[in-house]
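Trainee: I'd like to learn how to read a structure like this one. Could you walk me through it, piece by piece?

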Amino acid sequence: MALSDSRQFAEDTLRERLFGARWILSGVALGLGISLWGGALGPAPALAIAALALAGVALPSRRRPVAAALARLGGETLAPAARPQGEEKLRALVRALPEAALLLDPRGTVLVANARASGIVASVRAGDPVSFAVRVPEVLEAIRASAADGTARRIEFADRVPVDRWLRADIVPFTTTAREGRDSGAILVTFIDLTPQRRVEQMRVDFIANASHELRTPLASLSGFIETLQGPAKNDAPARERFLKIMGEQARRMSRLIDDLLSLSRIELNAHQRPGAEIDLVAVVGHVRDTLAPLGRERGVEIGFEHPPAPVTVRGDRDELIRVFENLVENALKYGGAGRRVEIVIAREGTDAVVSVRDYGPGIPPEHVPRLTERFYRVDTAHSREQGGTGLGLAIVKHIVARHRGRLGIESVPGEGSTFSVRLSALPTATDKTEDDSKG
């Protein structure tokens, strides 16, 4: 409520109380006049006093009663600052737009922001400069230029924090007419998220490039074996059996490669959308350990698992987190199995949950560690292919962890083994909530 309205409400309340006091004083005067009817003053003065008392009650109040002031106050609560009806409709229209939208005044101050805007731009509140919400110089300059010349503009830009996103800003200046007939300017800024279509385009380009590069070798092998079986080894049964086994392995390798490429493309397509389901890491990692236990027994490697007694809950996608820990544990079994032991540990560190997978194998030379998450990068190409690797496992892990707004850590000492850790934000436990309540 404005200061002038508060003062008016107080004045109305005071006048109403004075009006009630007039009733009391007039009643007292009327009683006094009647009591003096036959006294020293005589009937005439007594009648005069009574008449004046009744006249004071009957005088009309030229001010609004308190009820009217309260009604006006209620109207102010429903319509802040007594905005014109047209302006309220405009603000309601902006809030109802399906795209993220900001309504600005000519100076670039935010008048209203709809709910979708909070998911696209930084924290924004009415009354703040638009530069608090949009930190892209090209967009701010376009807003200033549109406010100056009244021309609509369209700007496409990339936002790199917290993940890569591509957006389009449509800036439309216009003029509104108030009830009093005054014209005032405003600027409507809407944001369109172009990330999905850009990622689809990039996915198509990457898939074609990667598939053509990585599928060339197994396809050449298949073609060579087929020509050999059709020619010199046509009637050679032992050679045919050997070649068919190799052809089967190459076909399975191509199938795994295509599956990994498609998985990586799907993960990158949704990298800007953080998963929101509540997932218990103890249950997820326990499932992974049980799944890979036969592979460990086959290779003579023991898989240890340490975790807190209570669930460790994070926000994420269960299938993707299973994929992360399957890749890490499987790599430890395949490439670090010489140590005959793999340890999986889940621990709480402050507000984070950390899952580490350690092997006691030969380790990784330090010059290779920074590049391990690159696509198709292999420390030992021949050994990786012998183990059935596609060179995409750690790239998939990196992108899934990034989508979960987590961090992937890699530590390795040649001759002592390697440790891969995934750090994610943990949800508060019941114990944490109890401690917070006791502190509060």
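Mentor: Let's start just after helix α12, where Arg405 takes a positive phi of about 55°. This is a predicted model, where local features need pLDDT of at least 70 and side-chain atom pairs count only at pLDDT 80 or more, while totals for chains, interfaces and linings use all residues. Residues are numbered from 1 along each chain as its sequence is written, and side-chain values use heavy atoms, with hydrogens and water left out.

Trainee: Where does Arg405 sit, and what do "helix" and "strand" mean here?

Mentor: Arg405 belongs to the loop between α12 and β11. Helices (H or I, at least four residues) and strands (E, at least two) are DSSP runs, numbered from the N terminus. Arg405 counts as partly exposed because its relative accessibility is 26%. The cut-offs are these: buried is under 20% relative accessible area, exposed is over 50%, and partly exposed is in between, with a 1.4 Å probe and protein chains only.

Trainee: How many residues of α12 are buried?

Mentor: In α12, 8 of its 11 residues are buried, so the helix is mostly covered. Among them are Leu394, Val397 and Arg403. The buried residues pack against α8, α10 (318–335), β11 and β12, where contact means heavy atoms within 4.5 Å.

Trainee: How do I describe two helices that pack together?

Mentor: Two packed helices are described by the angle between their axes and the distance between the axes. Here the axes are lines fitted to C-alpha atoms, for helices over the stretch in contact, and angles run from 0 to 180 degrees between N-to-C directions. Take α8 (residues 237–269) and α12 (residues 393–403): they pack at about 15°, with axes 10 Å apart. That makes α8 roughly parallel to α12, since angles under 35 degrees count as roughly parallel, over 145 as roughly antiparallel, 65 to 115 as roughly perpendicular and the rest as oblique.

Trainee: Which residues make that contact?

Mentor: From α8 come Asp260, Leu264, Ile267 and Glu268, and from α12 come Ala395, Ile396, His399 and Ile400. By class, they divide into 5 nonpolar, 1 polar and 2 charged. Ala, Val, Leu, Ile, Met, Phe, Trp, Tyr, Cys and Pro count as nonpolar, Asp, Glu, Lys and Arg as charged, and the others, Gly among them, as polar.

Trainee: At what angle do α10 and α12 pack?

Mentor: Their angle is about 145°, and their axes are 9 Å apart. Residues including Val324 and Leu328 in α10 meet residues including Val397 and Val401 in α12. The contact has 7 nonpolar, 3 polar and 3 charged residues.

Trainee: And how do I read a sheet?

Mentor: Strands of a sheet pair through backbone hydrogen bonds, either parallel or antiparallel. In this model, an open sheet of 5 strands has the order β7-β9-β10-β12-β11, with mixed pairing. Two strands pair if DSSP finds at least two bridges between them. The edge strands, β7 (302–306) and β11 (407–413), each pair on one side only.

Trainee: How many bridges join β11 to β12?

Mentor: There are 7 bridges between β11 and β12 (residues 417–425), and the two strands run antiparallel. Arg407, for instance, has Arg423 in β12 as its bridge partner.

Trainee: Which helix lies across this sheet?

Mentor: That's α9 (residues 281–299), lying across β7, β9 (341–349), β10 (352–359) and β12, and running at about 170° to β7.
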